[in-house]
Amino acid sequence: MIPHCLKCPAMPVTFSEYCAKHIPEDALIGWRDKAIYEAYYYGEVGMYLEGADFSGCDFKGAHMDRAVLKNCRFDRSKLDHLIIMEGKLSGATFHAASVKGAKLCEAEANECSFVETDLEGANLEGSDFKACDFTNANLRRAHLYGCDFTGSRFVGANLEDVVFA
């Protein structure tokens, strides 16, 4: 028997009994400080989890193309080698998160906070980071080709060996 969402015939996301559209608010909060390994979602729209709090979660190696994660909290989370292509992350916070080697290409990540975030070796190619705060962030060896950083702050950021072109 093929599993389906408890509220509709759609397939549930890997870590829930609900599809991305019907995940209850209390379930979003319940993910805090839990490990979510290799969470995959493919499709036209992607996961829609706007405003969720993922602080302290472990997303190492997760693949979430076209995910809508606007205004989400990823503070102190492990996002190493995360892949989000064409994602919507505007307004999200990544305070003291580890995002080493992640691939966030063609993403919309305006007005995000990356304060003290470790983005070493991350590929951020073609993404919009307008009005973001990268204060004390580690961007060593990050790939920033084609990014838009209009109005962003880099006070105290490590930009050693960054690839801009």
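Phe114 is buried in this predicted model, with a relative accessible area of 2%. How far apart are the ring centres of Phe94 and Phe114, and at what angle do their planes lie? The centres are 4.8 Å apart and the planes are at 5°, so the pair is stacked; planes under 30 degrees apart count as such. This pair links distant parts of the chain, as Phe94 and Phe114 are 20 residues apart, and both lie in the segment after β2, the strand at 63-64.

I turn now to the other aromatic pairs. The count comes to 12 aromatic pairs. A second example joins Phe54 and Phe59, whose ring centres are 5.3 Å apart with planes at 85°, so this pair is edge-to-face; the cut-off for that class is over 60 degrees. Both Phe54 and Phe59 are buried.

Which residues do the ring pairs link into a cluster? They are Phe54, Phe59, Phe74, Phe94, Phe114, Phe129, Phe134, Phe149 and Phe154.

Let me close with the nonpolar core. The largest nonpolar core has 39 residues. Which of its members touch the most others? These are Phe54, Phe59, Leu69, Phe74, Leu82, Phe129 and Phe134. Leaving aside residues up to four places away in sequence, Phe74 touches Phe54, Ser55, Phe59, Leu69, Leu79, Ala92, Thr93, Phe94 and Ala97. Among these contacts of Phe74 are thus Phe54 and Phe59, from the edge-to-face pair, and Phe94, from the stacked pair.

Key:
Residues are numbered from 1 along each chain as its sequence is written. This is a predicted model: local features need pLDDT of at least 70, side-chain atom pairs count only at pLDDT 80 or more; totals for chains, interfaces and linings use all residues. Side-chain values use heavy atoms; hydrogens and water are left out. A nonpolar core is a set of buried Ala, Val, Leu, Ile, Met, Phe, Trp, Tyr and Cys residues joined through side-chain atoms within 4.5 Å. Buried means under 20% relative accessible area, exposed over 50%, partly exposed in between (1.4 Å probe, protein chains only). Contact means heavy atoms within 4.5 Å. Rings of Phe, Tyr and Trp (its six-membered ring) pair if their centres lie within 6.5 Å; planes under 30 degrees apart count as stacked, over 60 as edge-to-face and the rest as tilted. Helices (H or I, at least four residues) and strands (E, at least two) are DSSP runs, numbered from the N terminus.
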